[in-house]
Amino acid sequence: MRLRYPHMLLATMSMTTHPFFRPTGTHPFSPQLHHFNPCRSIFTILCSRPPLSKNHPLPSPLTSNGYSRSSHATVPRPVHLENPDENEKERRFNSLKYKLEAVGLDTGICVPGQYNHLLCPMCEGGESGERSLSLFIAHDGGSAAWVCFRGKCGWRGSTQAFADSHSLSTATSQVAQVKKKREITEEELQLEPLCSEVLAYFSERLISQETLERNAVKQRKYDDQIVIAFTYHRNGALVSCKYRDINKNFWQEANTEKILYGLDDIEGQNDIIIVEGEMDKLAMEEAGFRNCVSVPDGAPPSVSSKELPPREKDTKYQYLWNCKDQLMQASRIILATDGDQPGQALAEELARRLGKERCWRVRWPKRGKGDESFKDANEVLMYLGADTLREAVENAELYPIRGLFNFRDYFDEIDAYYHRTLGYEFGVSTGWNNLNEFYNVVPGELTLVTGVPNSGKSEWIDALLCNINEIAGWKFALCSMENKVSYFICDFQNLGLLCNVFSEKPFFEARYGEHTERMCLEEYEQGKLWLSDTFFLIRCEDDSLPSIKWVLDLAKAAVLRHGVRGLVIDPYNELDHQRPSNQTETEYVSQMLTLIKRFAQFHGCHVWFVAHPRQLHNWTGGPPNLYDISGSAHFINKCDNGIVIHRNRDPEAGPIDQVQVCVRKVRNKVAGTVGDALLLYNRVTGEFTPVYKKSKH
C-alpha cells in the first residue's frame, strides 16, 4: 500500500524500528556510510550497507520520479594485497571466528575485508541496545581487531587465527585507504528531485519548494524507501551528502570531507548564523536569513572539561577547521543552536573555538506562560511564524564571557535597590541611635575594628550582634581564639540581657556582679536556647593555629547550613599567617583581605575583623589611627568600614566606662559617614547605652 501523505507515513513508521538506525558515531575505522540519529550519540555504523530487519519490515516506499531503483552508491572495493588459497582462507577464517566467539562476538554475518557492526558483549549496547562495536576482519581471514565506541565502554582488542597469520598492519593499511577523502557526484549517489510527498512533508514544516531547490535538497532510494538527501557544497561542487529518513534517522557519506551545510552562503559575509540541523538552516532562509550554516554532526551531550585540543586532534569539530577561511571573515557569529542541554553545549564548544568575543546567542521564545521554550528555529517557524523567528535572531544577545558583564545583567538588582525591595539598602541599625548616623551594617561588607588593648573592642562587637539579632533576627558565626569557650560563653550570657532574653542580671554574684541578684535557673535555660539559635562557634581546639582559608570554609558551611548573616574574626594576630618566602607581609595581607571580601560579597554576609594596633610609642592616651594597625596599610585600604573603639582612662575627662566609637572610614555613603559616637558601658549587665552630646545652645 502506498501512503499518500507524509504525516501518515510518519505515524506508520514510528511503530517500527529498523536495527540499522541506532545511535552511532565516528571512529578511526571509517566505514562507507556514517550513521547517527537525533539522540545526539556520536557513534558510527560500521557496516558498508544496512542489513534489512527480518522482524520489522519497512513500509512501502514513497513514489519515485522515474529514476533508477538502484539504491546504493558505488562502494570502493577493498584492496587485496594477496590472494591466498580459498581452502586455506576458509580454514583461517573458521579458526578466527572460533576465537572471536570465545570472547562473546557474534560472527554469524561477519565478512572478511569489511567492517562489521555488532552488539558489544561487554556493555550490550547500553539501555538502547545500540550496535556500537566495530569489528574489522582482515581480507585473508587471518586477523581481526575490534573496538566499542560507546563512551562508557570503550572495550577493544585483537586476535589472530594462527601464529603465522598476517598482523593487523593489513587492517592498518586498509584504514589508511579508507581515510582518503572521496570525490562524489550526484550521478554516482543517484540523487533525484523531490517527489510530491516529500515536498508536502517540507510544506508542513513551512519550508517552500523554492528554498529546497536553491539549497539543492534531493532524495534517494534506499532499501525500499525514499530518503531526503541534504547536499553539502563548496564553491558549487558537491563535497558530501547527508541523508534523513522519515523517522528522523540520519547517516552520511563516509570518507568525504566534513564541512558546514550551506557553506557557500556565508562566503564573504560579516554576519553569519550557525544552527544545529539542516532543517533549521532552511527555516532561517524562510525568515530571510541566507547567511546561515548548519553543523554536520549534531550536538555533544555536554561541554568538555578538557582544554581545547590542537587542530589535528579536534576530530569532532574538524568541520570548523575545514571551513576556517569562511569563518575567519565573519566579525559577528550568531549561535542559534537548540535550546536543550546538548544544544547549549554545542554553542559553548563552538564559541570556545570561534572566539566568544565575536559570538552572539539566540534565546528561543517561551511556550505559553511556562518556563519551557521552543526547541529550535524550525519549531519557531512552524508555530510562531517567520516574523517571530526573525525577531528572535535580531534580538540575539552577546555570548557571555566569564568575568565580563554588562550593566544590563544587573538591571533586576539595580531596580530592587532603587525601589528598596532588598530590605537592607541603608543597612541594619546598630541599635544605638547616636551611632546610626555614622555606621549601619550592610550585608556583604567588611568592617575592620581596632583599638588599644582593653578598650572594649570585643565587648562592643558582642553587644552590636545582640542588637542586630533583636532588630533583624540575624545569626552569627564567631571565630574568637583569645578565650576558652567557657569564658567566651559567660560573656555572652551577660550580653543576652540586652535582648531581654535574660532578666538584666549577671551570670554570677561574685566580683563583677557586685550585689546585683544573679539570674535564676529558668532565665539561664532561656539564655542557653537563645545562644543555641543565634550563635555558632568556629574554634580550633588543638595546639595549631587556624588559617584564614580554614576559617572561611567553616563560615561558608555555617552560612549554607544555619543561615548565618554575620561573621566575627577576633583577632587577626591569632590566625596562622605562614606565607611563602618570596611573599611580603603587605602582599599577604592584601591577599587575605581579598579572600575575606569575596566571601562576604558572594554570601551576603557581613564580616567584622578585629586587628590590634602595633606598639604605640609616645602614646598620649587618645584613640589610635587605622594606619596604626600592625601589618599593612591594606587593612584600611581594603575594608569597607573602619572603626576604632577607644575607652576613656582619664577620670577628669569623663566616666572611665565611657566608650568612644570612632568611625574613620565608610565606603558606602548611603549607610553612614565619618564621625564619633559615645556609649556608656555597664560592667555588671554588659549593656551599652548612648551618650548624647549636650547642645551648645
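## Close-up views of a predicted model

By the distance rule used here, the count comes to 29 salt bridges, each a side-chain nitrogen of Lys or Arg within 4 Å of a carboxyl oxygen of Asp or Glu. The model is predicted: local features need pLDDT of at least 70, side-chain atom pairs count only at pLDDT 80 or more, and totals for chains, interfaces and linings use all residues. Residues are numbered from 1 along each chain as its sequence is written, and side-chain values use heavy atoms, with hydrogens and water left out.

**View 1. Salt bridge between E257 and R234.** The closest N and O atoms are 2.8 Å apart. The pair links distant parts of the chain, 23 residues apart. E257 sits in the loop between β9 (250-253) and β10, and R234 in strand β7 (residues 226-234). Helices (H or I, at least four residues) and strands (E, at least two) are DSSP runs, numbered from the N terminus. E257 is partly exposed, with a relative accessible area of 23%. R234 is buried at 19%. Buried means under 20% relative accessible area, exposed over 50%, and partly exposed in between (1.4 Å probe, protein chains only).

**View 2. Salt bridge between R667 and D640.** The N to O distance is 3.1 Å. R667 lies in the loop between β21 (658-666) and β22 (675-682). D640 lies in the loop between α20 (634-638) and β20 (641-647). The two are 27 residues apart. R667 is partly exposed, with a relative accessible area of 42%, whereas D640 is buried at 8%.

**View 3. A salt-bridge network.** R214, D265, K281, E285 and R290 are linked in it.

**View 4. Helix α10 (residues 341-354).** The helix has 14 residues and reaches 20 Å from its first C-alpha to its last. That is close to the 20 Å expected at 1.5 Å a residue, taken as 1.5 Å times one less than the number of residues. Because 10 of the 14 residues are buried, α10 is largely enclosed by the rest of the structure. Its buried residues pack against β10 (271-275), α8 (318-322), α9 (324-328), β12 (332-336) and β13 (359-361); contact means heavy atoms within 4.5 Å. At the start of α10, a side-chain oxygen of D340 comes within 2.9 Å of the backbone nitrogen of G343. G355 follows the helix, with a positive phi near 100°.

**View 5. I274 in strand β10.** I274 counts as buried, at 0% relative accessibility. Among the residues that I274 touches are V293, I333, L350 and L354, not counting residues up to four places away in sequence. I274 and R361 are 87 residues apart in sequence and 9.7 Å apart in space, C-alpha to C-alpha.

**View 6. Q219 in strand β6 (residues 218-221).** Q219 is buried, at 0% relative accessibility. A polar contact of 2.6 Å joins the side chains of Q219 and E192. A polar contact is a pair of N or O atoms within 3.5 Å; within protein, one must be able to donate a hydrogen and the other to accept it, and residues adjacent in sequence count only if both atoms are side-chain atoms. The Q219 side chain also reaches the backbone nitrogen of C195 at 2.7 Å.

View 7. β16 pairs in the parallel sense with β17 (residues 535-537) over 3 bridges and with β18 (residues 566-570) over 5 bridges. Two strands pair if DSSP finds at least two bridges between them. F476 has F535 as its bridge partner in β17 and G566 in β18.
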